[in-house]
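The sequence and the model are shown first.

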Amino acid sequence: MRHYAPASVEAVLAGLLAEPSLARGVLHHEVIPPRAAEFAPMPPWLDPRIRDGLAGRGIEELYSHQAEAVDLVRAGHDVTVVTPTASGKTLCYSIPILQSIAEDPAARALLLFPTKALGQDQVAEFGSLASASALAVSAAAYDGDTPAPIRSAIRTAGQIVVTNPDMLHSAILPHHTKWFQLFEQLRVIVIDELHTYRGVFGSHVANVLRRLLRLCRHYGSTPVVVCCSATIGNPGELAATLTGRPTTVVDRNGAPAGERHLLLVDPPVIDGRTGARGSPLTLAQRWALPFLRAGRQTIVFGRARTSVEIILSGLRESLRESYGPRSRVRGYRGGYLPTERRSIEHGLRDGEVLGVVSTNALELGVDIGRLDVSILAGYPGSIAATRQQVGRAGRRQGTSVAILVASGAPVDQYVVHHPEFLIDSPPEEARLDPDNIHVLLAHIRAATFELPFEPGETFGPGPADDLLAFLAEEGHVRNADDGRWYWSSENFPASEVSLRSAAPENVVIIDTSPDRPRVLGEVDLFSAQVLVHQHAIYMHESIQYHVDRLEWGERKAYVHRIDADHYTYANRAVTLKPLDVFATAPVRGGGRHHGEVMVASLVTFYKKLKFVTDENVGWGPIELPEIELQTTAYWLTAEGLAGRWRRDELDIALLGAGRALQTVASVLLMVDPRDLGLVTQVRSPHHEAPTIYLYESVPGGVGLSARLFERHAELIDAAAALIADCGCEGGCPACTGPRLESHIDARALALRLLGELGSSAGAPRALAGALPTALAG
């Protein structure tokens, strides 16, 4: 019988590495030595009250990056702070803000955070520091949960307003006359978690900031902009694109760090013929359990909501059997109610919660205290996200451990077998396109509603007159006798624009088990198709619920609590048709293309899979409407193959080559593999030829397909090398995907297809050098 027994992180790790069944899966063990702090004195201009308040919290000196940042902000320079998790970035902007208020109580600051939880953290932090400094400071969160009476008080008296881009866009900027105290006296704008502002969302937020700074000019204020991020590859470029202003990057970290252990773990191969591997979820549980039994605070990241619930169920069951701290292990993901999430965050900070299993909802800088161990059940999809999740451990000077448990997915396998990719490569470069014509027009409409445009006034890339004239033809704006452009429609333009790429609607989950039905949580429409379809097993805090019915039109799912030995997995069918071709070029055996496509997603049936073994024990149909996505894609056609292939072999070759192309594309572009979808067609209706499509998973696309079109030669060579360098016999999940036909050599067919489409001779064996070289470039 095993018991709950405290032990050090080093002792637990040594015990795990002495266990042969676990140790043989460790492909790489990196020990990162501790780092000493680099200090700098407090700035001489700092108000004595703030100095005393910091001293009362044990802060007598600043880290070097904090001192550099606060001096730059004091001098009126925009700053972008890029240092690791828990390096004290908050002081880089809180000191200048409090100093401004100490000098002039009329001064204002606006803080933007991507989530409500982060905003609530900052309100508490400012309140604590202001109280310690004996300063009367009004700091408040202005979000969708703020009651109406408090909103009015914040507008008139809030010195520090904490909000999110969505509220700024729809509730503050259109009503700027009610916020004139804020706009007239705005000294500092803070944009936290900079790396989240990419793609469609980032493009929208860049235009929201254009509108914000335009109103600041109108009211006569010239605020300094401070951006913060823990993980980004091009911080200066991203901040400059987002704000439209030059910025100084502060990235020399002065914060200390304890010794860190990073382990890359590969599950064992359980079927040498197919290449199938053990479950990363089960293996992550095995690594986590000893740390939890030893009383070490541990976080386990799952890539999906279902993964989180499966891991949580397994950990709780194991701890129950071994008399461990079962009740102190919690789940955390989207769909939990705000009160549940706040309770878990507080429990982690005060130590009451010993372990948490989370999606990437805890990847951002929510204050959850200092954890000892971070375990990743699957590669998160990007270097930036991996470093964020790994950084959740080691938030103090003691020894910490981070473990990445790979899945059988090709990208996971590449990462754990090439540790230099994860350790030495720079984080991804976030991309956005604020001048996208659709996005730009939407925000010019909103900006005209807020304030008339002067003739020749610049908004974004240049004068807005031509775009305003286009809007005038639609009747939205008019050009008055004074030459200015005025809003002339009855519509409220900001309300028609969603900053997020996902649909604004959610499905509410209602638990009918108790006497009075209660709201259990909610999921977005796209996720609802696979998580809460009729007869699905929905999991919440490791408790299973059966979905009795999904009222799609009402956006409500009705569930009741059950105890089952299986979970459900829904199959999603995707169809694609091109709408417009932006560019095309011939290649050997066919052509490469880039254009706009319509992707239709339809969930058709679900499987019942047993816990642990994943044995299929049943299935059922799903009847839900299609969801459509208009986006951009790169595709490869093979007109020259006619008559040279059997149809069944061509089908397998297209799918195998497509999966390799999809894997390599995500590595070459340094994006999450989920950002690119794959569709193969033996005879495309558009081209009447075999076709492989790689489409972007966000509406409108963010430029990935154009980059794939430009880098076609690298892409096809590296895909051929990925397959050729794989040690399997006839295709496996690490190269061409799971084998669909055991008697057909999918690996050879995919290599043959890529060769006929132009992969260069000698490309095999080139992957080990080609991909890291491409990444470094």
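The sections below describe the basis of the model, its strands and sheets, its aromatic rings and one serine.

## Basis of the report

The structure is a predicted model, in which local features need pLDDT of at least 70 and side-chain atom pairs count only at pLDDT 80 or more, while totals for chains, interfaces and linings use all residues. Residues are numbered from 1 along each chain as its sequence is written, and side-chain values use heavy atoms, with hydrogens and water left out.

## The seven-stranded sheet

Helices (H or I, at least four residues) and strands (E, at least two) are DSSP runs, numbered from the N terminus. Two strands pair if DSSP finds at least two bridges between them. Seven strands form an open sheet with parallel pairing, in the order S6-S7-S5-S8-S9-S4-S10. Strand S6 (139–141) and strand S10 (248–250) each have a single partner strand and stand at the edges, so one side of each has no neighbour in the sheet. On average, neighbouring strands of this sheet are turned by 15° against each other, direction ignored; the axes are lines fitted to C-alpha atoms, for helices over the stretch in contact, and angles run from 0 to 180 degrees between N-to-C directions.

Within the sheet order, S7 and S5 are adjacent. Strand S5 (residues 108–112) is joined to strand S7 (residues 160–163) by four bridges in the parallel sense, and Ala-109 has Ile-160 in S7 as its bridge partner.

## Strand S16 and its partners

Strand S16 (residues 355–358) runs parallel to strand S14 (residues 298–302), with four bridges between them; here Thr-298 stands opposite Gly-355. Strand S15 (residues 329–332) also pairs with S16 in the parallel sense, over four bridges, and Gly-331 has Val-357 as its bridge partner.

Are the residues on the two faces of S16 buried or exposed? Gly-355 and Val-357 on one side, and Val-356 and Ser-358 on the other, are all buried. Buried means under 20% relative accessible area, exposed over 50%, and partly exposed in between (1.4 Å probe, protein chains only).

## Aromatic rings

Rings of Phe, Tyr and Trp (its six-membered ring) pair if their centres lie within 6.5 Å; planes under 30 degrees apart count as stacked, over 60 as edge-to-face and the rest as tilted. By this rule there are nine aromatic pairs. The ring centres of Phe-449 and Trp-487 are 6.5 Å apart and the planes stand at 80°, so this pair is edge-to-face. Phe-449 lies in helix H18 (residues 437–450) and Trp-487 in strand S22 (residues 485–487), 38 residues apart. Phe-449 is partly exposed at 31% relative accessibility, whereas Trp-487 is buried at 14%.

Phe-449 also forms an edge-to-face pair with Phe-492, at 5.3 Å centre to centre and 80° between the planes. Phe-492 lies in the loop between S22 and strand S23 (506–511), so this pair ties H18 to a part 43 residues away in sequence. Phe-492 is partly exposed, at 26% relative accessibility. Phe-449, Trp-487 and Phe-492 form one aromatic cluster.

Ser-759 is located in the loop between helix H24 (746–756) and helix H25 (767–776), and is buried with a relative accessible area of 10%. Beyond its neighbours within four places in sequence, Ser-759 is in contact (heavy atoms within 4.5 Å) with Arg-588, Ile-716, Asp-717, Ala-720 and Leu-754.
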